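This report goes through selected features of the structure shown below.

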Amino acid sequence: MGELDGRVACITGGTRGIGRATAEAFLREGAQVVINGRSAEKGEQALAEMNGGDNVHFIAGDVMQREDCEALVQGTVDRYGKIDILFANAGGASNHAPVAQLTDEAMQDSLVWNFWHTFWTMRAALNHMIPQESGRIICNSSVEGKMGKPALSIYVVAKHAINGLVKSAAQEVGTLGITVNAVCPGAIETDVMMAEGPGAAESMGMTYEELLAMFSEESAIKRLNEVEDVAEVNVLLASAAGAGITGSLISIDGGTSPY
Amino acid sequence: MGKLDGKVAAITGGTRSIGRGMAEAFLREGAKVVVNGRGEEKGQQCLAEMDAGDNAAFYAGDATQQADVEGIVDFAVERYGRLDIMCLNSGGVQQTAPVFQMSDEEWKLEVDWNLNHVFWGMRKSLQHMIPRETGRVLVTSSVEGKLGKPGIPGYAATKHAVNGLVKAAAHEVGTLGITVNAILPGLIETDIVRETGPDSAIAMGLGTYENLIEAFSGDSAIKRPNTVEEVAAVAVLLASGAGRNITGAMFPVDGGTMPY
C-alpha cells in the first residue's frame, strides 16, 4: 500500500537530480510517473535505471518551449488517462552577472526556464485538475525564492516569481481539492548545479568550491541539501495527508531561510 | 518497517487532539511514545484507546510547570532508555482579551503555557540529545506565530516567540544531527478550541463560536479548518530520517492562510 496508489504524476526535468529522486519516490509509493528531459538518450537511460516497467514513461521536450510544456501535460493524460500531480521541477540559470552588467537575454532565458515553464505547465495541468476537482501542483522553487544573492538576480527573480504564482493559484483553486505549493530547497549538487555553478561562482568573484562552501555555511547544518530531502516532502504534499497544505513555500534548506 | 522504528518520542499535551494524532502516527511508524497531560484519568483513557501496550506510556504533568515539563524527559529516558523526538505541543489560551483588557494572570499563563514550556522542554531535551548527537525537536506553533488576530494578543505574541526560539536553537545544534522545527497549523477544531472558542469569539468581537471558525477558515484558500491528521503527517516526516536536512523551518499546515 503506497501513499500515492493510483495517482498519475508528471515531472518536468525528471531524468536526473531532484526530479529523478522525486520520480523514484512517487513510483515507490505506487504512482505512475511521466518524466521529461530534452535528450531522448538520457530519458531512455533514466527509464532503464529506474526499472519501473509500464509505470514510468519518458516524454522528450524542451521546457523552454510552450508547445513542449503543453504537450508534456497532454502526453501524461494520453498515456495514463489523467494527471493528478504536477511537479514543475526543471530550472536553472546561465550567464549570471551583477544587475549593472546583466544582459536582457540572460534575464529572459532564466525567466523562461524557471518561471514561464512553471506557468505553462501549471496552467495546462489546472485545466485538467479543475474539472476532476482534485490535484496537486508542486513547484520547485529555491531558498533563493525567499532570499537574494549578489550577481544571481536572474535566478532570484525567477524563483520569487514562482512563489508569487503559487500563492495566487492556491487561492484560486483552494476549494476544489487542488493544492499548489512551492518547495524551497537549499543548494544541492545536482547536474545543473555542476554545470551552472562555476559560472555563477565566477560572477560572484569566487571559485565553485567557495560557492558551495558559502551555501553550506549559511545553513544550520553546514552542509548542502540532498535530492532525497526534497523527494520526501514532495511525497507528503502529493499524498492525501497534504490536502490541508497549500499556498505554502516549504523550506528544505537546513535552516538557511529565516522565514 | 516503520519510519520511526526504534525511536522514542515524548509529546506534551498528547492525550487529545494534535498531540494525540502525533502519538498515534508515531506508534504506527514504530516509535515508542510518552504522552503527557494533566489528568491521570484522561491519560489512562488515552492509553486504553491507543491500545499500544508497552509502546506507549503516560506521564501526568502540567505544561505550565517547569518541574513537570522537565520531568517528561527524565521519565521517557527512564522508561525507554532514551529520547529521540521531543514534541512540545501543549498550548492555548484560557480567558483571552484584547490588550487593553488583558489581565496579568492570563498573560502570565499564556507565556508559561506557550513559551516557557517550550523553552523548558527544549533545553532539557537538548541536554539529553547533544551528547548523543541525534534528535528531533518539534514545536507546535500556529499561523498566529506569523500573523496576528485581534483579541488573542498573548497567543500571537507567544507563538511568534517560539518561532524565534526554534530558529536560534536550530543554528546552535545544526551540525550535531539534531533538528529543531516549528509546525504552524491553521485552525483545527480541537477539544481546547471547542472549550475556549466561545469566549475567544467574544474577545475577538466575532460573537459566536461558529463565526470564529468561519473567520479562520475564511482566511484560508481551502475555506475549511485543518485536521489533526494533516499535522501528524508533517510531524512524522520531520521526525523521520527523511527530515534530517530540514531544520529551523516554519512548516505551514494552514490551507493557504499565511502569505509567507
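## A helix across the sheet

Helix α1 of chain A, residues 17-28, lies across β1 (8-11), β2 (32-37), β3, β4 (85-88), β5 and β6 of chain A. Its direction makes an angle of about 165 degrees with β2(A). Axes here are lines fitted to C-alpha atoms, for helices over the stretch in contact, and angles run from 0 to 180 degrees between N-to-C directions. Two residues are in contact if their C-beta atoms, placed from the backbone, lie within 7 Å. Helices (H or I, at least four residues) and strands (E, at least two) are DSSP runs, numbered from the N terminus.

This is a predicted model, in which local features need pLDDT of at least 70 and side-chain atom pairs count only at pLDDT 80 or more, while totals for chains, interfaces and linings use all residues. Residues are numbered from 1 along each chain as its sequence is written, and chains are lettered from A and ligands numbered from 1 in the order in which they are written.

## The sheet of chain A

In chain A, 7 strands form an open sheet with parallel pairing, in the order β3-β2-β1-β4-β5-β6-β7. At its edges are β3 (56-60) and β7, each of which pairs on one side only. Two strands pair if DSSP finds at least two bridges between them. On average, neighbouring strands of this sheet are turned by 20 degrees against each other, direction ignored.

Strands β1(A) and β2(A) run parallel and are joined by 4 bridges; A:Ala9 has A:Val33 as its bridge partner in β2(A). Between β5 (residues 135-140) and β6 (residues 178-185) of chain A there are 6 bridges, again in a parallel pair. There, A:Ile138 is partnered by A:Asn181 of β6(A).

How many residues of β2(A) are buried? The count is 6 of its 6 residues, where buried means that 20 or more other C-beta atoms lie within 10 Å of a residue's own, exposed means 12 or fewer, and partly exposed is in between, with C-beta atoms placed from the backbone. In a regular strand the side chains alternate between the two faces of the sheet. One side of β2(A) has A:Gln32, A:Val34 and A:Asn36, and the other has A:Val33, A:Ile35 and A:Gly37.

## A bent helix in chain B

Helix α6 of chain B (residues 191-203) has 13 residues and reaches 19 Å from its first C-alpha to its last, close to the 18 Å expected at 1.5 Å a residue. The expected span is 1.5 Å times one less than the number of residues. At B:Gly197 α6(B) bends by about 55 degrees, and B:Pro198 follows within four residues. The bend is the angle between axes fitted to the seven residues ending at a residue and the seven starting there.

The buried residues of α6(B), namely B:Val193, B:Gly197, B:Ser200 and B:Ala203, pack against α7 (209-219) of chain B. After α6(B) comes B:Gly205, with a positive phi near 75 degrees.

## Positive phi in two loops

A:Lys222 is not a glycine, yet has a positive phi of about 55 degrees. This residue is in the loop between α7 (208-218) and α8 (227-238) of chain A. A:Lys222 is partly exposed, with 14 other C-beta atoms within 10 Å.

B:Glu133, also not a glycine, has a positive phi of about 55 degrees. B:Glu133 lies between α4 (104-132) and β5 (135-140) of chain B and is exposed, with 11 other C-beta atoms within 10 Å.
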